[in-house]
Each structure stands twice: as structure tokens, then as C-alpha cells.
Amino acid sequence: MEGVTVREYGLSFVGVCLRNYLGKSWPFFLIFLAGIAVMTFLGLRGKKKENPLEVVTVDGSDRDMKYGDPDYVEEARGDSATWTFLSVLLMCLVTVCNPFLARILVPKFGMTPIYYRFFWVLPVTTGAAYYITKAAVSIRRRMIRILGYAALLGVLAVLIPLNPGVMNLKLPTNVYKVDGAVPVLCDAIHEDFKTTRTYEKAAAKLEKPMDHNSKEWLKRSSRMYPVCVFPYSIEFSVRQYDPTIRLLFNRNLRLYYEGNRSTGITYGEGKKSYQRRALILDAMYGRDDTITVEAFQKEMKRSKAKYLIVEEAQANGGFLVQAGCTQVGVTAGYTIFRYGK
Amino acid sequence: MKILLLACAALVVQLFLFLCTGSAVMRVRGKQSWSMSSALLLGYFVYFGLFEVLCLICEFTLLPLRTLALLSGILAAALIIAGIACGYGSWKQSLLSIPQRLKLHGPYAALLLAAVAFTAIYVLLYSDASADSGWYVGTSATALATNTIGRYDPSTGTFTAAFQARYAMSCYPYYNAAVSSLFRGLPVIVQARSVMSVINVLISYLSVYTLGRVLFPDRGSAGNKVVSISQRPGKETRRRADLFVFTVFFINVFSSTIYMPGIFLFDRSYEGKSMVVNSVIICALAICILLWQEKEEGAFPFRNLFWLMAAGICFSASCLMALVLVMAAVLPLICIRGKWNLLVPLVLGCLPAILWAAVYYMIQHGTIVLRTWR
């Protein structure tokens with residue numbers, strides 16, 4: 001969970017995580033807890049059950065029944081669903097949601113960013129839905145039942161904001177459901193890459209007979225594909241569409257560069273691989289005036305990055321050309337730069 | 001157009017495969033007739049459980065993806081043939097009784113269908129450019145493009161010397177790669193983000209409906225006694241389950257944070273995690289409630305639990321949450337009601353997840369090193 005750590009919050013870590021997990025959907029949790037409380041109370045106060053083996057048949061006569069008989073329905077011992085929910089709730093409070101245990105074990109197992117998944121164990125969604133449905137169907141008159149159910153959902157709809165995904169629905173422009181620029185850019189890069197010396201060298205190295213499971217072959221075969229840097233808005237779509245494009249930044253590095261700390265990983269001054277990559281992005285967008293041409297060239301060589309793709313309006317074109325990049329083309333609003341031959 | 005036709009074919013074939021797998025398992029269990037929806041749900045979990053075993057063998061013996069695709073194709077063909085042979089009679093019976101069953105659902109069926117249709121259309125239209133999408137769909141795409149299983153970093157395409165325990169043992173992305181390999185011309189991004197998303201939504205709602213049937217069982221109108229045989233048509237349970245499904249749909253639409261199951265159902269249905277939270281955990285909860293109701297005797301619920309856990313580890317490492325749920329729900333039951341005889345079946349039912357956790361721990365602590373090269 002982004003920004004929530006045991007070190008910072010200590011014993012309140014579990015509470016803060018639960019609050020962030022529920023957000024404005026807390027009324028569902030309230031319904032879940034209230035349902036458990038009411039049903040447990042009713043279950044404990046309920047009168048003694050009748051003998052389940054006394055069953056009246058169609059003709060009105062009584063007959064003794066045994067477990068397994070098709071007409072036999074066992075007496076429920078209270079509401080089994082509520083007992084299950086209560087059992088899960090209490091066990092979680094003692095174990096995975098215990099603040100004292102969480103404070104020790106969560107950092108030890110490196111689970112801080114994914115701790116929220118333990119709340120999936122609590123059946124909040126299904127539990128709340130169960131009690132809402134149960135309350136609705138317990139009303140005998142049909143019209144009152146329908147109106148009551150609709151009114152309850154209406155109140156909840158007013159109180160709680162929509163799922164953030166539903167609010168941000170964007171219709172796709174192609175069958176791949178990626179930005180329309182991605183296929184065009186990938187094609188342009190491949191077309192150009194096949195004319196480069198880097199590609200020729202990589203292809204020549206692969207011609208030697210070699211075990212396809214050897215480390216060397218696996219490495220060499222990947223060098224048949226160009227290493228690129230894409231703008232953040234399309235970076236994560238590129239390899240879904242075309243895995244024969246290699247990327248300089250891995251997922252965590254790129255998220256960190258863009259200020260996303262949800263992975264829980266920090267790349268400080270000591271992380272040279274991150275610093276090198278960040279320098280290239282800073283230079284592409286002209287974010288750091290202190291970067292020299294020599295420093296840029298050194299990092300490009302070391303990282304083996306071949307193509308830099310920048311939004312046309314934001315490209316630091318003059319610097320990139322001065323540093324040895326060639327403008328391959330302008331496609332779909334993006335400029336493609338190639339480094340070296 | 002060709003891609004759309006292939007996607008439709010892949011959707012139908014995969015649903016039919018799961019139906020056949022479930023039907024074959026039902027017959028092996030000695031059942032004579034069963035509903036197609038329960039066979040589909042069971043078949044989905046059983047197939048992914050079997051695929052996990054097949055894929056792990058291929059992955060750790062460094063076999064190429066195409067070999068995995070071929071083996072999974074042979075397995076699928078065998079299951080389809082067995083399923084047709086075993087299930088034909090039952091399907092016919094099931095299809096003929098549709099009008100009668102629709103009458104039992106009444107107008108509530110409209111709510112159920114609206115929820116399923118809205119979600120299925122939504123996931124078809126939704127496009128996601130998130131880092132997680134890049135990782136999971138990228139894993140499938142990389143496997144297909146390089147003809148390898150888990151040997152390249154999906155976010156960069158660079159070679160990795162050792163398998164990452166957290167991802168290598170959850171083979172769901174390789175299923176998508178294998179399907180794309182078998183359906184020549186079907187892009188893996190379409191299979192993962194459109195075809196499987198729709199299937200996953202159907203299975204998720206089927207899981208919720210199954211839970212609804214367990215939560216609102218067939219009972220006579222006056223309390224728990226069956227007053228007459230004529231009052232056992234299952235009308236109430238179906239209608240209540242329909243309403244329950246719609247309520248779950250409503251809650252998912254109004255799940256306001258990115259951590260709740262709703263966001264996984266609507267926006268991340270291409271991920272195995274979505275199946276863990278919206279299907280495996282739901283079905284595990286249904287099994288736990290059945291055990292509390294003491295309706296299912298013997299090994300039946302635990303056999304289902306076994307396949308659920310096997311499929312769960314195929315979907316995501318987060319399947320451990322399903323294990324926590326089952327333990328939290330069933331251990332108190334065993335202690336309170338003194339049902340110590342459930343302890344062994346419980347452990348056997350959870351065995352896939354327990355084994356997975358043990359191997360994961362050993363890999364993380366360096367006891368086992370799984371190299372990606374020879």
C-alpha cells in the first residue's frame with residue numbers, strides 16, 4: 001500500500017491499511033459487521049430447535065428419517081454463513097490482522113506493499129451482499145421488498161463514489177486495446193533497426209551453432225531486438241503488443257522515476273543502474289541542464305540503448321542530435337531518435 | 001476481422017474445453033446428471049490445476065513454449081473427447097430444461113444477466129496501460145515471441161539467469177501464450193486482455209452465483225422442515241442467489257479503492273490475481289460455509305478444495321489468501337464441533353497451496369536455485 005509502512009505507523013499500521021483499503025466504501029464494512037452482530041445475537045437467543053427427524057410427508061403422515069434421505073433437511077444451527085464470517089473475522093484479528101504480529105512479520109517477509117491482500121480474506125463484499133439480500137428477502141410484501149431494496153442501494157449509491165476504473169473508461173481505438181501510436185512506432189523501429197550495424201552483428205553471432213538452452217545463446221538471441229526508451233504514457237503497452245522491442249527501464253525503475261512509490265523499492269544515490277537510466281531520460285526531455293554530451297554518450301554506450309522515442313513537442317532534439325542521435329522519423333506525434341549506426 | 005473471428009473461436013473453444021473437463025470429472029465422481037454451469041466452473045479449476053502441473057514440468061526442464069502448447073493441446077483434445085462422451089446425455093437434459101429453470105428464476109434472471117452482460121462488455125472495452133498489465137500480458141507475449149517459458153524479464157526483454165519464485169510458479173500467463181500458439185494468428189494481447197477477460201468474468205459470476213446458492217439453500221417456506229415434496233423446486237434459492245449476485249455486482253461497482261475486489265473484476269480481469277480474489281476465494285468461502293452447514297459429508301468438498309487450490313496457485317501467489325481463509329474458517333469449526341476427522345482431508349485439500357508455499361520459501365532462501373539455462 002503506497003506510503004504506508006510499519007516503520008512509520010507501528011501498531012496502527014493494520015488500521016491505516018484497512019482504512020485505505022476500504023476508502024469511502026466503509027459502509028459495506030459496516031453492513032458486514034452489523035449483519036454479523038445481529039445474526040449472532042439472534043442465533044444465540046433463538047429457541048431450541050425442533051427434532052429435525054420429524055418430517056411431515058405429502059399425505060400428512062409423520063415418518064422417521066435419516067441423514068441422506070432425499071427429503072431430509074438438517075436443522076441449521078443458527079446461521080451457518082454468519083458463523084463462518086465470524087470465525088474468519090476473529091481468526092484474522094488474532095493472526096494476520098493482529099497489529100502486534102503484523103509489526104514483526106510484515107517487514108520480515110517483505111509484505112508491506114502487498115499487505116492489503118490479507119483483507120481479501122475478510123468476506124466484506126460477499127458478506128455485505130449477503131446481509132443486504134437477506135434483509136430484502138425477509139420482507140414478505142413484494143412491493144415493499146422491491147422498494148426497500150432499491151432505496152437501500154440508492155442510499156449507498158449516493159454515499160459511495162463509483163469504482164475508479166468505471167469512472168475512467170476509455171474506449172479502445174484498435175483490437176489490441178493499446179494507444180494507436182504503439183503499432184506504428186514499433187513497425188518504424190523494426191524497419192530502421194534491420195538496416196543498422198548492431199542488428200547485423202547480432203545476427204552474425206547467432207549463426208554459430210549453439211545449444212539453445214545455453215546462457216550465451218539466450219543472451220545473444222535477445223540482442224536481435226533493439227533497446228528503446230518510450231514515453232511513460234505508452235511504455236507499459238509496448239511489450240504487450242510487441243515483445244520484440246526491448247526496454248531500458250524495467251517496471252519498478254520506471255515507476256520510481258515517475259514518482260510512483262507503490263512497489264516499496266527505493267533507488268537512492270547508490271543505485272548506479274538507476275542513475276544511468278535516469279540520466280538518459282533527463283537528457284531526452286531536457287530536464288537537467290548539467291548533463292554533458294560526453295556523460296550522455298557514455299551512459300548510452302553502457303546501457304546499449306538504441307532508440308529514444310519522445311513526444312514531438314517535448315523532445316530535447318538539439319541536444320540529442322549533438323550527442324550523436326539521428327532523427328529516424330516523426331510518427332503519430334512522437335519523434336524517434338536512433339543512437340549510433 | 002480475422003483476429004475478431006479467431007478471438008470468438010478461442011472464446012467458444014475454451015469455454016467448451018472447461019465444460020468438457022468438468023463433465024468428465026463429474027462422471028468420474030459417479031454422477032449421472034449435473035448442471036452445465038457447475039460442470040463449467042469445476043472444469044475451469046480442474047483444467048488450470050492440470051495445466052499448472054504440465055507447465056511447471058516444462059518450465060523447469062527448460063522445454064520451449066511450443067512443446068507446452070502441444071502438450072496442453074493434446075490434454076485439451078483428450079478432455080474434450082472424454083467430456084463429450086461423458087456429458088452428452090446430461091447436457092441434452094440440461095438444455096431441454098432451460099425454459100423450466102428460467103421460470104424458476106423469474107424476473108430476477110434479468111438482474112443476473114444485466115450484471116454479467118454489463119461486466120463482460122465493460123472488460124471488452126476497457127483498455128489498460130498500467131505497469132501490471134505490462135508485466136502480466138508482457139509475460140505471455142515474451143514467452144510466445146521467444147518460444148521460452150519464464151526466461152526473460154517481461155518488462156524489458158533481457159535474459160534472467162534464475163527463475164523468480166513469485167512469478168515462475170504461477171503459470172497463468174503461459175496458458176495465454178500456449179493458447180495463442182495453438183490459435184495461429186491470435187495475438188496474445190487479444191487472448192489475454194479480451195478473450196480470457198470475458199471468460200474470467202463469466203467464471204467470477206458463476207462463483208458468486210454458486211456462493212449465493214450455498215448461502216440461500218433450498219428450504220421449505222415454513223422454517224427448515226420440508227413440509228412437502230412439491231415445495232422443493234428450488235425457486236427461492238435461485239431467486240435469492242440472483243439477487244445476491246446483483247448485490248455483489250452493485251458493491252463491486254461502488255468499490256471506491258484500487259485494492260478492493262471490484263477494481264480487479266472490472267479493470268484487471270486479465271490478471272491471475274483477479275481470479276484469486278473474485279473466484280478462488282469466493283468458491284473457498286462457499287466450501288467453508290458448506291462445511292459449517294454440515295450438508296456435505298465425506299471427501300466431496302475437500303476434492304473440490306484441492307482443485308481450487310491447484311488452480312489458485314496457477315493464477316497467482318496471492319492464492320495463499322485463499323489458504324488463510326480456509327484455515328481461518330475451518331479450524332475453529334473442527335475445534336468447536338470436535339470434528340477432528342476433518343483435519344486430514346483439510347490438509348490434503350489444501351496440499352497444492354501448502355506445497356507451493358514450501359517450495360516458494362526454499363527458493364526465496366536459496367535452498368533451491370532454479371536456473372533458466374543449461
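These legends walk through close-up views of a predicted model.

**View 1. The open sheet of chain A.**
Here you can follow five strands of chain A, which line up in the order S4-S3-S5-S7-S6. The sheet is open and its pairing is mixed. At the edges sit strand S4 (246-247) and strand S6 (325-331) of chain A, each of which pairs on one side only. For the parallel part, look at strand S3 (residues 227-229) and strand S5 (residues 307-311) of chain A, joined over two bridges. A handy landmark in this pair is A:Val229, whose bridge partner in S5(A) is A:Leu308.

**View 2. Strand S7 of chain A and its two neighbours.**
Strand S7 (residues 334-339) of chain A is mostly covered, with six of its six residues buried. One side carries A:Tyr334, A:Ile336 and A:Arg338, the other A:Thr335, A:Phe337 and A:Tyr339, and both faces are covered. S7(A) runs antiparallel to S5(A), and the two pair over five bridges. Across that pairing, A:Phe337 in S7(A) stands opposite A:Leu308.

S6(A) pairs with S7(A) in the antiparallel sense over six bridges.

**View 3. Helix H4 of chain A among helices of both chains.**
Helix H4 (residues 80-94) of chain A is made of 15 residues. From first C-alpha to last it reaches 21 Å, close to the 21 Å expected at 1.5 Å a residue. Its buried residues include A:Trp83, A:Phe85, A:Val88, A:Leu89 and A:Met91. In chain A, the buried residues of H4(A) pack against helix H3 (26-45) and helix H6 (124-137). They also pack against three helices of chain B: helix H9 (188-215), helix H12 (272-293) and helix H14 (320-337).

**View 4. Helix H14 of chain B.**
Now the partner's side: H14(B) has 18 residues and reaches 26 Å from its first C-alpha to its last, close to the 26 Å expected at 1.5 Å a residue. Among its buried residues are B:Leu320, B:Met321, B:Ala322, B:Leu325 and B:Val326. The cover over the buried residues of H14(B) includes H4 of chain A. From chain B, that cover includes H12, helix H13 (300-315), helix H15 (343-349) and helix H16 (351-364). Just after H14(B), look for B:Gly338, which takes a positive phi of about 60°.

**View 5. The largest nonpolar core.**
This core holds 210 residues, of which B:Ala284, B:Cys319, B:Ala322 and B:Leu325 touch the most other members. H9(B) gives the most to the core, with 17 residues. From chain A, domain 1 (6-138) and domain 2 (181-339) each supply at least three residues. Zooming in on B:Ala284, you will find that B:Leu305, B:Leu308, B:Ala322, B:Leu325 and B:Val326 touch it, not counting residues up to four places away in sequence.

**View 6. Where chain A touches chain B.**
The contact takes 79 residues from chain A and 82 residues from chain B. On the chain A side, H6(A) supplies the largest share, nine residues. By class, that side has 47 nonpolar, 18 polar and 14 charged residues.

Conventions: Residues numbered from 1 in each chain as written. Chains lettered and ligands numbered in written order. Predicted model: local features only at pLDDT ≥ 70, side-chain atom pairs only at ≥ 80, totals over all residues. Pairing = 2+ DSSP bridges. Helix = DSSP H or I, 4+ residues; strand = E, 2+ residues; numbered from the N terminus. Expected span 1.5 Å × (residues − 1). Buried ≥ 20, exposed ≤ 12 C-beta atoms within 10 Å, placed from the backbone. Contact = placed C-beta atoms within 7 Å. Core = buried A, V, L, I, M, F, W, Y, C linked by C-beta atoms within 7 Å. Domains from an automatic or database assignment. Nonpolar A, V, L, I, M, F, W, Y, C, P; charged D, E, K, R; others polar.
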